[in-house]
Amino acid sequence: MTPFAWATKAEAQGLETMVVASGQTINSLDLHRTGTNRASYQVAINCYDRLVGFGSRQLPTGEMSYDYDTIVPELAESWTISDDGLVFTFTLKSDATFTDGSPVTAADVKWSFDRAVSVGGFPSTQMRAGGFFRPDQFEAVDDRTFVLRLDYPSMLSLPNLAVPVPFIINSKVAIDNATEADPWATDYLHTTTAGSGAYTVTRWDQGQQIVYDRNDAWTGGPLPEIRRVIMREVPNNSTRRALIERGDVQVSFDIPDRDASELVGTVDVFSTPIENCIHCACLNTKFEPFQDPDVRKAIAHAIPYEAIFQSAAYGRGAPMWGGPTEITDTAWPRPFPYATDMDKAREHLEASSFASGFPVQMSISLDLASWMEPTALLIQESLGQLGITTSVERIPGANWRTVALVDKSLDFHLENFGGWLNTPDYYFFWAYQKDRLFNSSNYDNEEVHALTEQTLHMSMDDPEWAPLVKKMFQIVIDDLPRIPLYQPALNVAVNGASGYEFWFHRQLDPRRMAGV
């Protein structure tokens, strides 16, 4: 089959079919499966519903974005929260059905939540961020009434139900395809969707494309205008650019900053700063030289931040270096108080146990090469001046999550975590706590862990919250397991479509898109 044989420009007219080019690789249809990468989150968004979702708002730039402060119904038509904040009662829509026509019941919700808190890894940790730990917290009272009970009130509980992880699965189909060795049907759902969402996967050619067809019985929101979405994996940036310029695709998703800057005026370009997201250089604390604080600070002063920001980000986003030494607010992301200063870098390295330097491998993801490659080469050149010799390892995107985040086996690497729930302590929950998925540096500080747990569910209006968060900031600024480079923007080019919205999960949501 030739590329884009599923849809020609003629077929795409009127946007019955929308063709999307992306450089990312989908490696699973099941977000709960170990090793599922970020590109695969789109399946949970497009093919499954949650009890609730986020609303939309217009940014000062005029672009549309999700609205973190507005929770809207999806599978639930209504809900109540007890006065003490511990009991949530949801009433499901009476007409909600899975794509096989069977009704969505509270039993499906309970099975799906039981799965999310039990499979371990990323999904179970994400559930814990909202105070959801155990199956006994969830009850299907009757077909349309689902109750969840918290051990303590949390400001994150309701918004955490709107992120991709707590998606609702057709439990009967899943159970029929489960085995004793695989009670949660992860093998089956790895290649087959069983949801009630706006779309269903009708074809997945791994490494090439995924095809979504509209679920005309969807009740989670207004029926999408677009009947079919074809997501093509096009790893070459130049090819993706040519396709969007010619109108052979309607969307080129997550394009490089350079293309975004040069395509303005030719096609519609959306560049949205990614909330709670930082591009970082990560130092694995299990690598002996990086256990020395002077080595870490030497690297922080040697990084050529401005050159990286211009050559990798083309000035798009926000600098995360050269910040004040005194912490007077709780803004996050925030610039750390390090800047390029080779004299300071040499002083710190000479004060360390590795004054003559050392060899280290720097790893990058091929899926993210547009910013990681120039960044790695600039860091390699700068560290070489200190006698720290780096070799650049390029890892396929489909394997990156496993080696970088699950195994945490990369000594020196670039990373780009962004927190779904827009609070600083939520970022710390994932990136600075021991054994958390995005703590790819293997950082372990008991005080940071305790402070994160203490503040995570606390209201930001609590007078104790800000001083505790500032203390967290100071510790990680001093410890430096991850060195912030810049806050990135998500760039999307659109030609022949409308209705694009930015979402915190950094995946395309076609449900609100239409023709022009």
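Student: By class, which residues does the lining of the largest pocket have?
Tutor: In this predicted model, that lining has 18 nonpolar, 12 polar and 8 charged residues. Gly counts as polar, and Asp, Glu, Lys and Arg as charged.

Student: Which ones lie nearest the centre of that pocket?
Tutor: Gln24, Asp254, Asp367, Leu368 and Asn416, out of 38 lining residues. Lining means an atom within 4 Å of a pocket point, on a 1 Å grid where a 1.4 Å probe fits, in an open set with protein on both sides within 12 Å along at least five of seven lines.

Student: Which elements give two or more residues to the lining?
Tutor: Helix 8 (237-246), helix 13 (369-384), helix 14 (397-406) and strand 19 (489-494). The largest share, 4 residues, comes from helix 14. Helices (H or I, at least four residues) and strands (E, at least two) are DSSP runs numbered from the N terminus.

Student: Switching to helix 3, how many of its residues are buried?
Tutor: Helix 3 is mostly covered, with 10 of 13 residues buried, meaning under 20% relative accessible area with a 1.4 Å probe, protein chains only. Among them are Trp111, Phe113 and Arg115, along with Asp108 and Asp114.

Student: What span should helix 3 have?
Tutor: 18 Å for residues 106-118, at 1.5 Å a residue, and the end C-alpha atoms are 18 Å apart, which agrees. The expected span is 1.5 Å times one less than the number of residues.

Student: What comes just after helix 3?
Tutor: Gly120, with a positive phi of about 85°.

Key: Residues numbered from 1 in each chain as written. Predicted model: local features only at pLDDT ≥ 70, side-chain atom pairs only at ≥ 80, totals over all residues. Heavy atoms only, no water. Buried < 20%, exposed > 50% of the residue type's maximum accessible area, 1.4 Å probe, protein only.
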